[in-house]
Structures are given as structure tokens and as C-alpha cells.
Amino acid sequence: MNLTRDDLTQSDATMNQMRNMVYHLERFMKINGVTETRDNLKRMGRNIARTYVKYWKPIDSINLSNVRDAITTIYKHILNSTVSIEIDKLNKTITVRDNDCSLCKYNLDDIDVAGCEIIAAMVSEIITLINKEKSLLTLEPFDILESRTFGHKSCIQSFKYKEEGV
Amino acid sequence: MGAVQWLLKKITKVFGRNTTSLFYVLLYREILKEINNITKDEEDSIVILREIGKKAATESCERHTTVFKWMPGSPRKVIEYFELLWVVVFGKELEEGDLTYEELPKEGSKYNDYLVTIKSCPLCAGYGVDDEDTFNFKKISNQDTEGLACGLTGMLESVANFILKIKRSDYRINIVEQKCLAKGEEHLQFMCKIYDSLEWKELSSVRIQDKIKSGVKFEESIEEDVVQETKLDIIDKLQEVLSLDKIEELLDEPLEGIKSKVAEIIEDKLNMEPEHFFDYFRNYEDDLLRIIGYLAVHLLNEYGGLIEKTLKNTTFAKIAGYLFKQLREFVLLFIPIDVINDYHQLLISFLDG
């Protein structure tokens, strides 16, 4: 019997070599003069999210009161990461700290864009897609504040959120 | 599958960083698409993804050299451990009966070719169903071009050859994806060919830049011919006698086999019948057990100085001493004396022949 993508949401794969592939892709982009590497990684993350939500989603709708749980579940289920989340209601930002980022592990001096740009774009796109046509909350990746790729102890991804109708 | 292979697969998974297989597969797909955005040529993209896979795997192997030192050094054995290679690379175990081998005789060659078939490929699972699966295999006209698993194939080849390199083997393995589900074929199939160093050098002399038509730049990886001679560490010394295949044989061997080997050694080295040898120890079985214990410690010291080196550290020595003392004092709390006596008798009757 052939495997389906549904089956793949129930099993694990090891990222060690795939993580390296992301950075070799970045190097390949660089030597071929690609300047919009960050945008490309974000596009990859959005595309992953668009396929992924067809097979799994954490909840049917997400608002500011359950966004923390939703983000925690996404990181846990998809990336097997336990994250800490801070919500800044004043600046409408969400900050996620991941001490064990699946796409960043080693300090790489020749790399300018952290692999977790992919993750930030994927997470925000999943939330936006879940809330599509519901006018609740949209999320956008804002910045990678820290990354293990740049020698930091953990990866910190920040998002801007927008509450519809507010 | 042997017990040690099973254990090593579990260890590999424990040390790996896991995500869901679907995230892995979709990220892999996106990498291929991004490469294709640069090359604008599907056949070139496949070649480059394979090379990126090779580089990624080599980098990973170089960071975890010790794990691979336990693998067997014969190319045939490495192919027989293909399932383990798959777990090292992909981290996902294959279903029972998913993998089959076929040995293809090769005239005039030391090693045959191998055809490895995997019924259900996770990378191809559901490929083409979703709108984002935009890499189009129909645009590939060259029948020899690999399929979606080309990157994975590159990784597998690199891991296999990394093992052979650190085991100082003169042979290398070329793994090529021959059939791909995403290309409409019935299963995933790899052709594994074993080459000697001269043939391998010739095969690897073709530059990637010469294989691709689109003119994109690719930084070629240079394979070192010789493993740098470095000081042998404990693992190096141990793995000479305890590589994975040898441990596997030892564990799979029935007690009778081990007994006959012991008998052979006694006959060969001491020129005595085993029963005569053990007669010397009649009524001194406890002493014999102690001797076996000393011999075990001596052997561990011979092959890498494991115990001596560990106990040189005062903290480890204290911990070992404490554990030994506690074990002696508390063993009877956890294991009944009858069970200990049973094992004692079993060992003595085994030694008695």
C-alpha cells in the first residue's frame, strides 16, 4: 500500500541532513547571484503551510485568546519543539523562543539568512489560512531576532499580528 | 533484522532532531522547486539536488564520525545494511517487507551489483495531489535522469562512502535512483554498484558543471582520497574487533556455536581436551568465575584501555567504586538468590562442556 501525506503527519523524520541542505541551497542561491534569499525562504515556508493545512491543523479558528496555544501546538506537532511565547498587545507582536530549532543548530559564518525564516513564514501562514474568511486574526513573520545559525543560544522569531475589525 | 542493527537505529533516532515526516518531505520539495527557479531546467535541478544531498550528508557524517566507526567495512555489508543507511539519512523506519534486495551477478568483478527496491517512498507519497507540487517530471525527457528521491540518493551514497572511507576500504559505492513513484513508476528502486578506487576516481572525475546545461554555477565538492592518519582512539581500537557485523554474528550465534569455538581454542592453543582443561577447575568454580571476570576486564583494557582510562579520572573511579559496592550490597534486594544461583549453575555447566 502506498503512503499518503496523511500518514506522514503521524511519523517522524530526522532533520540533521535536511537542515544542512537548506544552507547548501542558500549557498547555491548566493553563487548564482540571487539577492532575495530571505523572501525565497519565506515563500518556501508559505508553500509548506499551504500543503500542510490540508492534512493537519491545530484548531478550527484562532483569536488572540487562543493564539498562544495554537502556536505552541504547531511548533510541538510539526517541529517537535517546545517554545516559550510572549504576546505584546501594545505593539501587536508575538515573540517565540525556540531553544531547539529544527533548522538552526550550528553557527555558520558564511550564512546571512537563518533557516528558521522558513518556520516563521510557515507558522504565520498556517494561522492565516485557518482564519481565512473568518475575520479573526492574521499573523505575519516580522523578524528573526536571534538564531543559533548566527551564534545565539536560541532562535527568537517575532511576528506582527492584526485583529480583523479592530 | 539483527538486534544490534535495531539498537543502532534506535540510537540514531534518539540523537537526531525529529520533525513530522510531512514537514521533511514538503521542505525537500520546496528545496527542489527553489533550485529549479534558478536553473529553469528540470534535469539540471535533479542533478543539483543530488549534489546538495551529498554535501549535506557528508557534512553531517563528519560531525558524527564515531557513530559510523561501528559499521562494517566491506562494501557488500554496507549495502546489506541499506535499511540502517535509510534510517541514518531519513530517520524514518521502513515498514516490514518494504525493502527487497536483488543481487545481480557481474562477470569478472569482485562484487556484484545490487538492486534495492522500496515499495512505498515517503518523498513521493501523494506527490502531485496538491497545488504546490509544481515541479513537473513530465518535462524531463532523458530517461536516465533520476526522480524525486535524487537528493535522498545522494545522501545515501555519501553516508555509504563515508563509512567505507573511515574504514579505509579501497572500494566505493555508486547509488542511482532507477525508478520513482512521482515519475509514474511502480516503486522506488536504487541500483547500487561497487567500484574499486581507480574506477571510482574515473567515475567521479566528471564535473557537475559539465553535467548541467543551464549554465548555473555550482561549487563542486572535492573528495579526499586518503583518510588522514590520526592517533587511534578507544573506538578505533574497539571497532577492529567489534564492528556491527561482528557483534551481530556473535549475538546471532547459538550458545552451542560459542561452546564449540571455546573448545576449538582450548584444543588448538592448549593442546588439551576441553573436559581435561575444565577438570583442573573442578570444585574451584568460584575461582574460575573470578578469573573470567579478570579476563573480561583485561580484554577491555587490551582493546583500547577502556577501564584503565575511565578509572584514571578520580570522579569516575569513585562513582565506579560506589556503584560496585552498592551492587554487591543491594543485588539480593532486586534479584532473588535462587535466580543468581541458577545463572551460576548454568555458567558452570556451560564451562563443564
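Leaving aside neighbours within four places in sequence, Ala160(B) is in contact with Val78(B), Leu85(B), Ile173(B) and Ile175(B). That is a handy place to start a tour of this predicted model, since Ala160(B) also belongs to the largest nonpolar core.

**The nonpolar core**

The largest core holds 114 residues. Those that touch the most other members are Cys116(A), Ile31(B), Leu85(B), Val89(B), Cys124(B), Val159(B) and Ala160(B). Which element gives the most to this core? It is α2(B), with eleven residues.

**Where the two chains meet**

The contact between the chains draws 41 residues from chain A and 43 residues from chain B. On the chain B side, the elements that give two or more residues are β1 (18-20), α2 (21-39), α3 (42-63), α6 (82-90) and α7 (150-166). The helix α2(B) again comes up here, giving the most to the side that touches chain A, with 13 residues. Sorted by class, that side of chain B has 21 nonpolar, eleven polar and eleven charged residues.

Strand β1 of chain A, residues 12-14, pairs with β1(B) in the antiparallel sense over three bridges. Within this pairing, Ala13(A) has Thr19(B) as its bridge partner.

The buried set is made up of Asn40(A), Leu41(A), Lys42(A), Met44(A), Gly45(A), Arg46(A), Asn47(A), Ile48(A), Ala49(A), Thr51(A) and Tyr52(A). As a check on the geometry of this helix, its 16 residues (37-52) should span 22 Å at 1.5 Å a residue, and the C-alpha atoms at its ends are 22 Å apart, so the two values agree.

**The sheet of chain A**

Chain A has an open sheet of four strands in the order β2-β3-β5-β4, with antiparallel pairing.

Helix α5(A) lies across β4 and β5 (155-163) of chain A, running at about 165° to β4(A).

**Chain B in outline**

Chain B has 17 helices and five strands. Of its 353 residues, 32% count as buried. Among the contacts in chain B with a separation of 6 or more, 68% are between residues 24 or more positions apart.

Strand β5(B), residues 188-196, has antiparallel pairings with β3(B), residues 113-118, over five bridges and with β4(B), residues 171-179, over eight bridges. In β5(B), Gln189(B) is the bridge partner of Thr117(B), and Cys192(B) is the bridge partner of Ile175(B). Ile175(B) is also one of the residues in contact with Ala160(B), which brings us back to the opening.

Most residues other than glycine have a negative phi, and most peptide bonds are trans. Two residues listed here have a positive phi although they are not glycines: Asn80(A), at about 60°, and Arg168(B), at about 55°. Asn80(A) lies in the loop between α4 (67-79) and β2 of chain A, while Arg168(B) is found in the loop between α7 and β4 of chain B. Glu83(B), by contrast, lies in helix α6 of chain B.

| Residue | C-beta neighbours inside 10 Å | Class |
|---|---|---|
| Glu83(B) | 18 neighbours | partly exposed |
| Asn80(A) | 16 neighbours | partly exposed |
| Arg168(B) | 10 neighbours | exposed |

Because a residue counts as exposed with 12 or fewer such neighbours and as buried with 20 or more, Arg168(B), with 10, counts as exposed, whereas Glu83(B), with 18, counts as partly exposed. How far apart are Glu83(B) and Gly184(B) in sequence and in space? They are 101 residues apart in sequence and 24 Å apart in space, C-alpha to C-alpha.

Methods: Residues numbered from 1 in each chain as written. Chains lettered and ligands numbered in written order. Predicted model: local features only at pLDDT ≥ 70, side-chain atom pairs only at ≥ 80, totals over all residues. Contact = placed C-beta atoms within 7 Å. Nonpolar A, V, L, I, M, F, W, Y, C, P; charged D, E, K, R; others polar. Pairing = 2+ DSSP bridges. Expected span 1.5 Å × (residues − 1). Axes fitted to C-alpha atoms, helices over the stretch in contact; angles between N-to-C directions. Core = buried A, V, L, I, M, F, W, Y, C linked by C-beta atoms within 7 Å.
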